[in-house]
Amino acid sequence: MADRDGVIWYDGKLVPWRDANTHVLTHTLHYGMGVFEGVRAYPTSAGPAVFRLDAHVDRLFRSAHIMGMAMPYDKETVREAILASVRENGLESAYIRPMAFYGSEGMGLRADKLKVHLIVAAWAWGAYLGDEALERGIRIKTSSFNRHHVNVTLCKAKTNGSYMNSMLALREAQQCGCDEALLLDTEGYVAEGSGENIFIVRNGVLLTPELTAALEGITRETIMELAGEIGVPVREKRITRDEVYIADEAFFSGTAAEITPIRELDFRPIGLGHRGPITERLQTLYFEQVHGRRKTHPEWVTPVGEA
Ligand code: PMP
């Protein structure tokens, strides 16, 4: 990753990719307190465009607020940095990673004297779980690791450190021959995937866990809106793992994972064991929306502009 051409926005400047370095005593590297986003840009008729730019910028600032990190730039600067990261790298489609992290001014847990840095990197990244996964669906396994308790790490913030839990769960699922993990909350109810929110369909109703232990996914919100537009009722409620076993359909949502059907949980096929019809409709609608092919929600699609 470090050795490639292009530029990275780093503390207000676009620097050559290979020079976007930081010291080994960078505080966030040691203790994990940092906040970040995962954003995508897609090709549209108006050129490459960032999907849900404002929602991602807002969540980044909310994460920093929750963590008590003073953001060193205003929202408009971060917005422009995200657009520039795609534009200046000449990318048609991109995954974009803004991240705020503490510098190397001191070790120990007191963060009051530390500088907050901000980077925005962008690169071409295809389907997170592979193209085949988008069509055929994936096999997932309930994790032996619980999702964070709301009073352990704060689940509304997208923080670097919280992904240690995601990685433990994902690695375990992969070692069991599955593609992804399903994490339960500390009370045993379905929370989310290692980097995705979950939806199930039962009797024509779209169900998703309430946002207690799960991240407030922007794709989740988008899907709920799109479902409403095509008359699919949506309910947020506590979901048990056996409710997923007997669901008609299930899928993960996320900026990276997009809409990935789930065809199996804990070695039990879900529904017909392949992508279900409501999942497919929502997936199609989502891809039309991100590519700016729908008339609705033009505010969700922000062209990066000419280089
Ligand atoms: N949950 C977790 C743990 C995630 O990492 C992500 C990806 N950011 C999501 C849910 C989905 O969020 P979004 O749709 O905003 O990408």
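Analyst: Below are some questions on labels, with answers. This is a predicted model, where local features need pLDDT of at least 70, side-chain atom pairs count only at pLDDT 80 or more, and totals for chains, interfaces and linings use all residues. Residues are numbered from 1 along each chain as its sequence is written.

User: What makes a residue part of the shell around the ligand, and how many are there?

Analyst: The test is a C-beta atom, placed from the backbone, within 6 Å of the molecule. 16 residues surround the ligand, and the closest are Leu215, Gly217, Ile218, Thr219 and Thr255. Two elements give two or more residues each: helix 6 (218–229) and strand 14 (249–254). Helices (H or I, at least four residues) and strands (E, at least two) are DSSP runs, numbered from the N terminus. Helix 6 has the largest share, three residues.

User: Which classes make up that shell?

Analyst: Nine polar, four charged and three nonpolar residues. Asp, Glu, Lys and Arg count as charged, Ala, Val, Leu, Ile, Met, Phe, Trp, Tyr, Cys and Pro as nonpolar, and the others, Gly among them, as polar.

User: How do you know that domain 1 and domain 2 are in contact?

Analyst: The bounds, 7–123 for domain 1 and 131–290 for domain 2, come from an automatic or database domain assignment. A contact needs two C-beta atoms, placed from the backbone, within 7 Å. 21 residues of domain 1 meet 13 of domain 2 that way, so the two are in contact. On the domain 1 side, helix 2 gives the most, with seven residues.
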